[in-house]
Amino acid sequence: MGVIHHEQRARDSHRTVKYIPGWFPGATFKRIAEDVRQTTLGLQNKLYDLAREQVQQGTANPSFIVDYLTSNRDRTPEDEELYKQVSTQFYAAGSDTTVSALLSFFLMMAQHPEIQRKAQNEVDAVVGNRLTKCSDRKDMPYLEAVLKEVHRWNPVLPLGALSLWLSDSGDKTSTRDIAYLRVLPCLQIAERAVLHDPILYPEPDKVIPERYLGEPNEDLNPDPRDFAFGYGRRYDQRTPCKCHQLNGSRTAAESALDRF
């Protein structure tokens, strides 16, 4: 799912290809889409049904979907479908990207043991023999710098896409309204090139967490997560997927350094 196939790009550029049957040569994207659809439907239905059973049995732990189920007794089918999709996005949207970022983190630690020792010493000094807490993060600036460097050094995806077709009213519209479209440029942003730009990041091929420490400079070594997570609404630090990925990678990195 994380790989951008040329068939998928062709599908997005030429909407009529969605009518091509799945057995047709070159229509691999149709079979991929159906597999992903079945997996997604299975995920959202099973998790929702499990949460509903636990609410009925009184064994449910607090969660987004449990709060919805307990506070909305008169749910419509449309409400249930909406919350199934939203809760599945919360659960799954950052899972593959978090795993990719953590693999890059472990690779960096293996290749640069001196960085690992510095981060480990910082975690040991702050945490000691207890488990890590979210409130510890403000006291671990070096580990935060290491995680920033992970996103810059080996971004999860090398490209970011901006593709936007708007009607005159500003609403997203379909190709049936082509006469009323104000078409904005479709862009492929080379995020890896941005994050390895020597003007922004001196010695970009080297792993240097210290580049983010000290006095901030707007023109030098900006926070790479501002680029790595995409643009538009994805840029907002408060978006659920971004918070999920950042918190997940931080917690896993802290635990790994604390325990090993």
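**Exercise 1. The surroundings of Glu149**

Task: State which residues Glu149 is in contact with, leaving aside its neighbours within four places in sequence, and decide whether Glu149 counts as buried or exposed.

Solution: Leaving aside neighbours within four places in sequence, Glu149 is in contact with Met108, Lys206, Val207, Ile208, Pro209, Arg211 and Tyr212, where contact means heavy atoms within 4.5 Å. Next, Glu149 is placed in helix H7; helices (H or I, at least four residues) and strands (E, at least two) are DSSP runs, numbered from the N terminus. Finally, Glu149 has 0% relative accessibility and therefore counts as buried, given that buried means under 20% relative accessible area, exposed over 50%, and partly exposed in between (1.4 Å probe, protein chains only).

Two remarks on the basis of these exercises follow. This is a predicted model, in which local features need pLDDT of at least 70 and side-chain atom pairs count only at pLDDT 80 or more, while totals for chains, interfaces and linings use all residues. Residues are numbered from 1 along each chain as its sequence is written, and side-chain values use heavy atoms, with hydrogens and water left out.

**Exercise 2. The chain as a whole**

Task: Describe the secondary structure of the chain, its pattern along the sequence and the percentage of its residues that count as buried.

Solution: The chain comes to ten helices and four strands. Read along the sequence, these elements follow the pattern α-α-α-α-α-α-α-β-β-β-β-α-α-α. Of the 260 residues of the chain, 32% count as buried. As for contacts with a separation of 6 or more, 58% of those in the chain are accounted for by residues 24 or more positions apart.

**Exercise 3. Helix H5 and two other helices**

Task: Work out how the axes of H5 and H6 are arranged, and then how those of H5 and H7 are arranged.

Solution: Begin with helix H5 (residues 95-111) and helix H6 (residues 113-127), whose axes come within 5 Å and cross at roughly 110 degrees. Axes are lines fitted to C-alpha atoms, for helices over the stretch in contact, and angles run from 0 to 180 degrees between N-to-C directions. Angles under 35 degrees count as roughly parallel, over 145 as roughly antiparallel, 65 to 115 as roughly perpendicular and the rest as oblique. H5 and H6 are therefore roughly perpendicular to each other. Their contact is made by Met109, Ala110 and Gln111 of H5 together with Pro113, Ile115 and Gln116 of H6.

Turning to H5 and H7, the axes come within 9 Å and cross at roughly 105 degrees, which makes H5 roughly perpendicular to H7. Here Ala101, Ser104, Phe105, Leu107, Met108, Met109 and Gln111 in H5 meet Val146, Leu147, Glu149, Val150, His151 and Trp153 in H7. By class, this contact has nine nonpolar, three polar and one charged residue, where Ala, Val, Leu, Ile, Met, Phe, Trp, Tyr, Cys and Pro count as nonpolar, Asp, Glu, Lys and Arg as charged, and the others, Gly among them, as polar.

**Exercise 4. A cavity and a pocket**

Task: Give the volume of the largest cavity and of the second largest pocket, and say which residues line the cavity.

Solution: On a 1 Å grid over the protein atoms alone, a cavity is a set of points where a 1.4 Å probe fits but cannot get out, and a pocket is an open set with protein on both sides within 12 Å along at least five of seven lines; lining residues have an atom within 4 Å of a point. Grid points are joined across faces, edges and corners, and a volume is the space filled by probe spheres set on the points. The structure holds one cavity of 30 Å³ or more, and the largest cavity has a volume of about 40 Å³. Its lining consists of Arg137, Met140, Leu143, Glu144, Leu147, Arg250 and Glu254. H7 gives the most to this lining of the largest cavity, with three residues.

The second largest pocket has a volume of about 350 Å³. Of the 16 residues that line this pocket, Leu47, Ser63, Ile65, Ser87 and Tyr91 are the closest to its centre. The lining of the second largest pocket divides into eleven nonpolar, five polar and no charged residues.
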